[in-house]
Amino acid sequence: KKGFLDELERQNTTLEAFLEQEHMEEQQLGIALMMQVKEQLVRQLSLEALADHLDLEVEETDLDAYFEAIAPGRADQARSDFARSGRMRAAQAAARRAKANRYLVEHAVIHEAPVR
């Protein structure tokens, strides 16, 4: 919730103003944020399971793509920041999930649902 409140502050708005604009109560917001976190965790765990199944390994090119994605034009700085703060393992895990996601996109077979 702190990240959400920080984002509201960056947008020069208050929690109360946001809740009024969205016609919701604080408890509803808490539930919505909790559901978003749950969905994100499920996606991450699913991608990690796929990466395990495929025995995917992170190459330097995967890390390069990850850092460029999170810091376009400043990938080297992002890599340095992660290394300096001891977060390279997290970056490698994220790059591995991204690689699994690319595999899904490349191998997806999309079937249209029949119109009823």
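Asp-62 comes out as buried, at 8% relative accessibility (buried means under 20% relative accessible area, exposed over 50%, partly exposed in between, with a 1.4 Å probe and protein chains only). The model is a predicted one, with local features needing pLDDT of at least 70, side-chain atom pairs counted only at pLDDT 80 or more, and totals for chains, interfaces and linings using all residues. Residues are numbered from 1 along each chain as its sequence is written, and side-chain values use heavy atoms, leaving out hydrogens and water.

The side chain of Asp-62 pairs up with that of Lys-99 in a salt bridge, 3.1 Å from N to O (a side-chain nitrogen of Lys or Arg within 4 Å of a carboxyl oxygen of Asp or Glu). Lys-99 sits in helix 6 and Asp-62 in helix 4 (residues 60-70), so the bridge ties together parts 37 residues apart in sequence; helices here are DSSP runs of H or I, at least four residues, numbered from the N terminus. Lys-99 is buried too, with a relative accessible area of 19%.

By the same rule, the count reaches eight salt bridges. Another of them joins Asp-52 and Arg-96 at 2.9 Å, N to O. This pair links distant parts of the chain, with Asp-52 in helix 3 and Arg-96 in helix 6 (residues 88-107), 44 residues apart. Asp-52 is partly exposed at 48% relative accessibility, and Arg-96 is partly exposed at 22%.

Asp-64 and Arg-79 also meet in a salt bridge, at 2.5 Å, N to O. Asp-64 belongs to helix 4 and Arg-79 to helix 5 (residues 75-84), so parts 15 residues apart in sequence are tied together. Salt bridges with shared partners join Glu-60, Asp-64 and Arg-79 into one network.

Conventions: Helix = DSSP H or I, 4+ residues; strand = E, 2+ residues; numbered from the N terminus.
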